[in-house]
Structure formats: structure tokens, C-alpha cells
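The sequence and structure are shown first.

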Amino acid sequence: MGAVQPAQEEAADLAAAAPQNPRLRYAIKTALALMLAYMLPMALGWPQPQTAATTVMLIAATGMVSESLQKGVLRVIGTLIGAIVGLTLIALFPQDRMLYLACVSVLVALCIYLYNVYQGDSTVFMLSAVVIMMVFNGGDAEGAFIYGVDRAFMTVFGVLVYTIVASTVWPVKVADNSRQLAQAATTQLRAQFERLLHKDLPQEGADEDALAQLLVATDAFHEHLGKIRDDADSVKAYLPEWNTIAYCLEQIQAALVSASRPGVERQVEFRRFLDHYDELLKHLSRQFSAVGDAWQGDGAATIGPDVELGFRMEYLAQASHRTVAQVATRADAMESLQALLRQLAGAINSLLYDEGRFEAATARQGSPRFLWLDRESIKTGIRAFTTFWVATAIWIEFNPPMGFMFVTLCTALIPLVSYTPVTPKLLIILFSIGFAFAVPAYVFLLPLLTHWIELALFIFLYAFIGFFVFQGPISIFFLLGLFTLGIQNTMNYNVNVILLVVLSFYMVCAMQIISTTFPFTSNRARLFQTLRKRFFNNCAAILIRKKRRLVNNEKRLNIGDALIAKMQTWGPMIDHGYYKEVSPEAIAKFTQACDLLQGQLKVAKIRNEQAKKNPLILRASRKSNDSFMSHLCTALAHDETAEPLLPIEDTSRVSVNVEKRLDEFLSSQDLAQYTTHELAQFYVYLNLQGMIYQSIVRCQQASAALNWQSLTAHRF
């Protein structure tokens, strides 16, 4: 016992001494990995240490970090596959350079396409593409195989160095990240419930921001879990619990979104129509508190017995159909919350406190592993193919100082500048800053370094600045300045050489600028407008109902999620100084309205799956005007005027029309043949259709405030 206590104290002291800033930790350990990838090969006399360092840079800037060594193994496998493919092509076409280059261009474009469509850690595809090009010795047949093997070996070495450092120096615990995201999602769900608790019905125009925050928090958790559920060992060990947590959070979100109807013009006193309503609200509040305390580590969640709601039929018989729909929706949501919070508490208790064997509820499927039909990913693959051949033509015709590495860099950087926040202006600035550090260091500092520790410190500091100051893929463009120095055991200083290399890197920069406009434009305003059209066409395809449905709504909803994410990325990046007619506030409001519509469609999909065997809903669907809302979305997709797109009826006329049609439909039905549950489901379905309609109206209002014609007037 006496030996354990000092060890615990030492571990606590080390944890306290570690930097608490995640960005600082990331910069230190990635700079350490890059420095080791440079110094170890040089110490062992291995050739091409720059290859290992480049590999570390690519992984650190584009990959996901976890505590699992499985990612490192997969990256090594991807590197070996790229090496085998590249060396095989060299063996097959030793004398036919153009046929070899044609095969390489197709395979590299395919790898870059897969890099974009894969929803997990896609670094393996990036490494495969880079290695396929790296093993080529610029057409020199002599020693080509040995050259390719050396390049592949150093790439594998770089992968191993990064994996070891990332998994041992302040490892990122994916399970901890997952818990934090799940806790954040639970907090937002509880906040939304509290809004319902303190005011039975939101006021007109209220709660839209709250619903948007709720959707962001839950989507962030589901996206994160979908990416790491098969890769992180600590998550796989408790996969039934995590699947149940994901399922419960999704269903709780659906219940709360159904009950939270912004823009409703009249209040409903639910206590008048429901027995034990106040008692149920207090019980649910205690359940949310118990779940929140469990996430914070304050003990296992304890859930009391359920509270049963009862309908007061004498009052409901005198209410309008829309009021009955809202009451049925609220009752269904509150009763669903009881069961879901009980399941959620059981999963959390099993996850955090290992309370015996756990049986998972129906698991949420999560994000697709490949988003095959993503248009930007297809364009990026085509762009990589085009860039490869343009760069190859420059290499053949002018033979820049970097040789075939010029082609490799031009093509490998395409995924980092194609449909990303990296603008040509930012690209030039980053290159210039990198060279402003590199060239003076080459002239004034490197010749003075006489000990390997000094060189290691220089590399570490240069890499640390790049990873700490610049985040994500843009750090690569600063760090490329490090590779202009030609660091090796025996240095030959020649200012002409480094200036030629700098010129070559600016040529790479120029190629990236060309690639962002040819053959497809990357203009933010144009992209945002295109995304708007595709999003509403996708919504129209989801809303249209046919007897023989050919559209897979699950895939459509996944596409809608991807489109919303891109709109949220590109909207704020529109140059409002150039497009003065479009305000940032109008763009943000429009994107939020689209996000809420997407959330309503996802909730409707969940509810429709639960009620697809309800005969009353099926009869109502066949008699309803199912194309009306689809036509609204189609109009939103294709009309580019700043005027209102369609003459939407005011709320009172819509209410009268709905009530009249419902009276006609229900009077034609023998309601005695339906159970109380089926009738309640019908009114929940009715309420959801009204929510979707209101979301479309809000999208139309937000769209009318934007001057779409000004965005389409400029092509570049």
C-alpha cells in the first residue's frame, strides 16, 4: 500500500505539470514527431529523411487522432498498398512512361476521391495516393526499384513515428471526447425540455436558435461516434452502451422537436386535456437531472417509477383538430421521454460504473462510411486528375528544380485546397510566411549549427510554430518552407539552389490557384447558391410520396446533412465586401432555417417508421395533397428572384382549410375501428406535417431576404 501511494502522487504531479491547453499539447507532440522523423533517419544514415517528415506532416494536418494503435496499422497498410501498386506499375511499364503516367493519374484521382467520400479517418487514402507518386523516380529506370522501396520504407517509418508519439505523449482519449459530446447533447436536450416545462407552448418566432443549437449538439455527437466506433478500442469495448446512448439521444431529440413547435399562433392548456400532466413533468425533470449527474460522475442514475398520462375525452371532444393534434403530440413526446431516459440511464450506468451485463436497445446506424454521391468529392477527383496532367506537362516541358516531386505536391495538395477554406490569397500568404522563416534561416542560422541537438531544436521550433499558429490542413503550407532547406547530414549551401526551390514551391502555389478555378469554380457565393438548389431539390425528393417509392430517404437525409454542413461552412466565407447586397445576418438566418427544416425531416422519418403500419395514417396519406410541400421546395430551389417565391396563404386561412379537410376526412371514417394509440399517432403525424410546412415557410421568408441575383451575377 505504501508503494502504491507514491506512484499515484507521481502520476498526479505529472498530470498537473502537463500543459492544459489542447492546442499547445497538439503542437508539442506533432512537432516532436516531425523532429524525430527527421533526426532518427539522419542518425542511422538512412536516405530521404524528408519523406518520413512529410508523412508526419500530412497525417498531423489531415488525420484524426486517437489513443488506438489500430489507426497506425491501417495507415501502414495503406502505405504498403500504395507502394505495391506504384512499384507494380513501374515493373509493368518500364519503358512506356506515358502509359505509366496514365495509370498513375487514374489511381491517384480515385484515391483522392475516396479520401473525400470516406467519413472516417481517410488519411490512409491520402498516403496511398502520395506513395504511388513518390515511388516514381522521374523516369530514371536505373535504380528505380531501390528508390521506390526507400521512399515506401521512409513513409512507413514516418507513420510509425507519428503513431508512437501520438499514442504515448498526452494521448487523446476518444472515449473521453465521446462522453463530453454526449454530455453536451444531453445538456441541450435538457435545456429544450426545461423550455417546455416553464412555458407549455413557445411564443411565435421563439426557440429557433435553441432548436438550432440542439441539432448542432446532437449531430456533433452522432457524427463523432459514427467516425470512431470501429476504430477506438475504448469505445468498441462498450459498443452496446454507446449504441444505446446514440439511439436514445436521437429519439429524445425527435420527441422534443415534435413537441417544440415554433411559430404556433395560439396557446394550448395541456393540463386541461391531460391527467397527471404536472406530475409527469416533475418526474421527467428528475430523470434529466439524474442523467446529467451521472454524466458528471456524481453517481449512478436512479430512475423512479413511470407516471401514466390520461386523456380527458370530454374536453378533447370539444377541441379543434389542430388542438387535439398538439395535445396528442405532447402526450406522445412526454411518455416516450420516460422510457428513453430510463434506457439512457441504464446505458450510462453500465458505461461508467460497469453495472453487470447490458443489453442494447435498437442501435442507431450512424453516419455512412462512404458518401458516394457527394458532388464536391467527384469534382475534387476530376480536379486532381486534371492537375496531375497539367503539372506533368510542365515537368516534361520545363523540368523544374524539384523534378517529379513538383507533380506529386501539386496533386497531393488538391484535397486541401479543393472546396476548403484555403483561398488562393491565404495560400500565397502562408507560402510567403514560410519562406520568410526558411530563407533567412538557411543563410544566417543553419551554417552556424554544429551539433545535432541544435539542429533538432531548430526543426522542433519551426514545426511547433506551424502546428500551433496554423490549424488543420493550412499548417502544411507554412511547414513546406521547412522542406526547402534540403536538410541532410552533409549540407552544401547554395543560395541559387534554395531560390530555385522557392520558385518551384511558388509554381506549386500557382498550380493550386489554377486548380481552384479550373475545371470547376470554387467561388463561395456560387457554391452556396448551388448548395441551396441541391438542398431544396433533395427536400422535394424526400417529401414526395409515391406508391412505388424509388427514393431511399435514409440516403437522401444523409445527403441533406452533408449539404447543410457545407452551407454552414461556405455561407460565412462569402466575401460580403464584394457582394454588398447580401448581408452575413441574412445568410446565417437562411442557413439556420434550412438546418431546422432538415431536422424536421429527420424527425418525420423516425416517426413515420414508427407509424408506418397505422391504417388511419395510410388512408390520410393517400387522400392528402402530398405534392404541395414538395412543390414549395422545388420552387425554392429554382427561383432566383428576391421577391417572395410563392403566394403562401396566411396562417388563419391555412388553419380554416386544414380544419375543413380534416372534418371531411374524419367524418368519412369509422373511428370506432381504430385504437386510441392509432388515433393518437394520427394526430402526431398531422402535427409533424404542420411543423414541416412551417419550416418551409420560414425558409421561404429567409430566402426572400437574400438577393440571389447578385450572387449569380459573378462567375468567378
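The model is predicted, so local features need pLDDT of at least 70 and side-chain atom pairs count only at pLDDT 80 or more, while totals for chains, interfaces and linings use all residues. Residues are numbered from 1 along each chain as its sequence is written, and side-chain values use heavy atoms, with hydrogens and water left out.

**Helix pairs**

Two packed helices are described by the angle between their axes and the distance between the axes. Here helices (H or I, at least four residues) and strands (E, at least two) are DSSP runs numbered from the N terminus. Axes are lines fitted to C-alpha atoms, for helices over the stretch in contact, and angles run from 0 to 180 degrees between N-to-C directions.

| Pair | Angle | Axis distance |
|---|---|---|
| H16 (residues 375-398) and H17 (residues 405-412) | about 160° | 9 Å |
| H9 (residues 208-228) and H11 (residues 239-259) | about 160° | 11 Å |
| H3 and H6 | about 150° | 10 Å |

Angles under 35 degrees count as roughly parallel, over 145 as roughly antiparallel, 65 to 115 as roughly perpendicular and the rest as oblique. H16 and H17 are therefore roughly antiparallel to each other. Their contact (heavy atoms within 4.5 Å) involves Ala384, Thr387, Phe388, Ala391, Thr392, Ile394 and Trp395 on the H16 side, and Phe406, Val407, Cys410 and Thr411 on the H17 side. By class, these residues comprise 8 nonpolar, 3 polar and no charged. Ala, Val, Leu, Ile, Met, Phe, Trp, Tyr, Cys and Pro count as nonpolar, Asp, Glu, Lys and Arg as charged, and the others, Gly among them, as polar.

H9 and H11 pack at an angle of about 160°, which makes H9 roughly antiparallel to H11. The crossing of H9 and H11 is left-handed. H9 contributes Leu211, Leu214, Leu215, Thr218, Phe221, His222 and Leu225 to the contact, and H11 contributes Trp242, Ile245, Ala246, Leu249, Glu250, Gln253 and Val257. The contact of H9 with H11 has 10 nonpolar, 3 polar and 1 charged residues.

For H3 and H6 the angle is about 150°, so H3 is roughly antiparallel to H6. H3 passes H6 in a right-handed crossing. Thr51, Thr54, Thr55, Leu58, Ile59 and Thr62 of H3 meet Thr123, Leu127, Val130 and Met134 of H6. That contact divides into 5 nonpolar, 5 polar and no charged residues.

**Cavities**

On a 1 Å grid over the protein atoms alone, a cavity is a set of points where a 1.4 Å probe fits but cannot get out, and lining residues have an atom within 4 Å of a point.

Helices H3 (49-62), H6 (123-134) and H17 each supply at least two residues of the lining of the largest cavity. H17 gives the most, with 4 residues. Among the lining residues are Thr54, Leu58, Val130, Met134, Met405 and Thr408. The lining has 10 nonpolar, 2 polar and no charged residues.

**Backbone**

Most residues other than glycine have a negative phi, and most peptide bonds are trans. The peptide bond from Phe518 to Pro519 is cis, with omega near 0°; Pro519 is in the loop between helix H22 (495-515) and helix H23 (524-543). His276 has a positive phi, near 60°, and is located in the loop between strand S1 (274-275) and helix H13 (277-295).

Technical notes
1 Å grid on protein atoms, 1.4 Å probe; cavity = no way out; pocket = protein on both sides within 12 Å on 5 of 7 lines; lining within 4 Å. Left-handed = near helix turned anticlockwise from the far one by under 90°.
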